[in-house]
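Subject: Structure handover and findings

Dear colleague,

Please find the structure below, followed by notes on what was found in it. I have kept the cut-offs beside the terms they belong to.

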Amino acid sequence: MKNVIIIGAQKVGTALVKMIEKSNALKLVAVIDPEEQAPAIQLAQSKGIRTATDWKKIIDSPIDVVIETTGKEEIFSSLQEVKDRKWVIIPPSVAVLISNLMEEQENLINQLSSQSRQQDLVLSSSHDGMIAIDQNRKITIMNKSARMMTGLQSVSAIGREITELIPNSELPRILDTGKTEVNKEQVLDNDRKIITTRTPMIDDNGKIIGAFAVFKDITEVVEMAEEVTSLKSVQTMLEAIIHSSEEAITVVDEEGKGLIVNPAYTRLTGLKSEDIYGKPATTDISEGESMHMRVLRTRKPVRGVRLKVGPNRRDVIVNVAPVIVDGKLKGSVGVIHDMSEIQSLTAELQRARQIIRTLEAKYTFSDIIGDSKEMQFAIDQAKLGATTPATVLLRGESGTGKELFAHAIHNSSNLKYNKFVRVNCAAISESLLESELFGYEEGAFSGARKGGKRGLFEEANGGSIFLDEIGELSSDTQAKLLRVLQENEIIRVGGTKAIPINVRVIAATNVNLEKRIIDGSFREDLYYRINRLPIFIPPLRERKEDLGKLCNHLIQKLNQDYGRNIEGITEAAINYLEGYDWPGNVRELENVLGRAIIHLSFHESWIDVHSIPPLTSKIGVKNQASHTPINNRSLQEQVEHFEENLIRSTLAQCNGNKTKTARTLELSLRNLYYKIDKYNIE
């Protein structure tokens, strides 16, 4: 090993220090430079190498080679003048050449190292698997993706024969054939399917020095293809649904620009898709605020907003909801309903309901027309009766709507899904009424049906039975009815066995039952059984403020019956009708309106005064009897006589208004109705 000193510690000297440090044939003994802070001096000191400011101070050291880098002639000459020198002097020009060669070598090494790092980075970051083998079938490259696909993450693969790790590898065949194979499908040992491209590696002389494969997991490709297909299928299906819908639909993006409209939207608004696509959501609004913009601003849906849309200013109702995907607002979708169509359908539905009710004879409290205090009081009492199982007695003049109340009470009770049986006690002969109500056993009388017959009470079991004109029942039938109400059981005609029943009884009468009790034609005990909840239905003359609504309701009903399309009745005609006392009540009003409609020409659509047939009042306030006491009457009779006359006179003063009369006499309205019925005051 040769001992070397370097004179000059600048750039060239520093390069030589680094070179000699890496050499196995040279040993750096000392670095000489007048400047103690020179780069080579500091480098040598950091490595424990001797330094000096003058080469003469180390001449006693064993020296084989002196490298002079300063280029100063006097230093080079003084080195040559030393007697008996044993070292070889390398001049500055040679030292610079050596330094330059060293620098080029380092640059080349750094460049190659950088390229290698870049290559490793590309290989490791690639999503595709990459494997290369040399001509001996040994693996030279295997990137991270290849390790994951083959399941060799924890195996040291470089330098190992490829078939040792991947027995079914096709790369060795590429070494033999020298042919490239593109997009070949292969199944690995771990059952993964891959698509691979294999190619030989050939040097400049055309010699095969290895083979290289790039491959991709086909599972990902299949999943992506299925996902794309699924998305396209969903998109196609959604577009088909939207375009086939009879509802007008419009969709905008997150900026409020039109994306989708369907043919129903075009028919409704008159705007085509090209008028909407990419345009602001306000484009179709003729009157009102764009609900799309409100929803995009608030991220909350809106429902039932009325707007006018399109050039024809169609009146519509819109429902709009935001479209939110993964918490991000992507747009909004709106459904538009044509108000004219809704109104037409509503009217048609109302007509259908009226037809059904006519066929089935079913009514509810919504079918009872009247806003007067007297009528509202009766309705409130009836609603109360619907909530209890107690027997209800409907009282009122003929034609006031007692059967209508009976239906409403049944349909508002918890028995509304069970049977509702109607019986007009005055329409069935006395000889048949008992067997119709309670049924009969086989052989009970001549002509009796074989096996007997169930009565109307049995038919109504679990539901309600409406006994109209109950005041017309005979004494024997009254006695049997009393047993039904007391014992909740019946006995068929000709039978002896009691049959338990559970029936809600609703009775009605237009006669004075109290007077019937006095003359002995109605049982007092039955009266107290059926009079648990009496409801007085006011006559039409006492609620004339309801005439307008009643007329419009009856006209719609008569339109259905007569196939007409009368729109209504004029105000003058209503005022004319209010001057009549209506002894036949609502039934008479329906009769008058029906006759008016029949005589109307088909081009007339309103009932006016001239259309109404002549009306003649048959009712009036009775002459008041003398208030002079009759000496041959008892005190009780004279008190009742005075009370009757007082009620009559007060009613006359109040123009027949019972609410006002009750308030004047400081009576409850129910008590007043009782006394009016008691004294048979019309």
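The second largest cavity holds about 110 Å³ of space, where a cavity is a set of points, on a 1 Å grid over the protein atoms alone, at which a 1.4 Å probe fits but cannot get out, and where a volume is the space filled by probe spheres set on the points, these being joined across faces, edges and corners. This is a predicted model, in which local features need pLDDT of at least 70 and side-chain atom pairs count only at pLDDT 80 or more, whereas totals for chains, interfaces and linings use all residues. Residues are numbered from 1 along each chain as its sequence is written, and side-chain values use heavy atoms, with hydrogens and water left out.

The lining of the second largest cavity consists of 15 residues, and Thr 250, Asp 284, Ile 285, His 292 and Val 318 are the ones nearest its centre; a lining residue has an atom within 4 Å of a point. At least two lining residues come from each of helix 11 (291-298), strand 14 (302-309), strand 15 (314-325) and strand 16 (328-338), with helices (H or I, at least four residues) and strands (E, at least two) taken as DSSP runs numbered from the N terminus. By class, this lining has nine nonpolar, five polar and one charged residues, where Ala, Val, Leu, Ile, Met, Phe, Trp, Tyr, Cys and Pro count as nonpolar, Asp, Glu, Lys and Arg as charged, and the others, Gly among them, as polar.

The largest cavity contains about 130 Å³, and the count of cavities of 30 Å³ or more comes to four. Its lining has 14 residues, with Ile 131, Ser 169, Gln 186, Ile 194 and Phe 215 nearest the centre. Strand 9 (193-202) and strand 10 (208-217) each supply at least two residues of that lining, and strand 9 gives the largest share, three residues. The lining of the largest cavity divides into eight nonpolar, four polar and two charged residues.

Turning to charged pairs, there are 36 salt bridges, each being a side-chain nitrogen of Lys or Arg within 4 Å of a carboxyl oxygen of Asp or Glu. In one of them, the closest N and O atoms of Arg 192 and Asp 217 are 3.1 Å apart. Because Arg 192 lies in the loop between strand 8 (181-187) and strand 9, while Asp 217 lies in strand 10, this pair ties together parts that are 25 residues apart in sequence. Arg 192 is partly exposed, at 34% relative accessible area, whereas Asp 217 is buried at 7%; buried means under 20% relative accessible area, exposed over 50%, and partly exposed in between (1.4 Å probe, protein chains only). Salt bridges with shared partners also join Glu 170, Arg 173, Glu 181 and Arg 198 into one network. Arg 160 pairs with Glu 164 at 2.6 Å between the closest N and O atoms, and Arg 160 is partly exposed at 29% relative accessibility.

Glu 666, which is not a glycine, has a positive phi near 55 degrees; Glu 666 sits in the loop between helix 24 (658-665) and helix 25 (669-678) and is exposed, at 73% relative accessibility. Asn 680, also not a glycine, has a positive phi of about 55 degrees and lies in the segment after helix 25, where Asn 680 is partly exposed at 35% relative accessibility.

With best regards

Notes: On a 1 Å grid over the protein atoms alone, a cavity is a set of points where a 1.4 Å probe fits but cannot get out, and a pocket is an open set with protein on both sides within 12 Å along at least five of seven lines; lining residues have an atom within 4 Å of a point.
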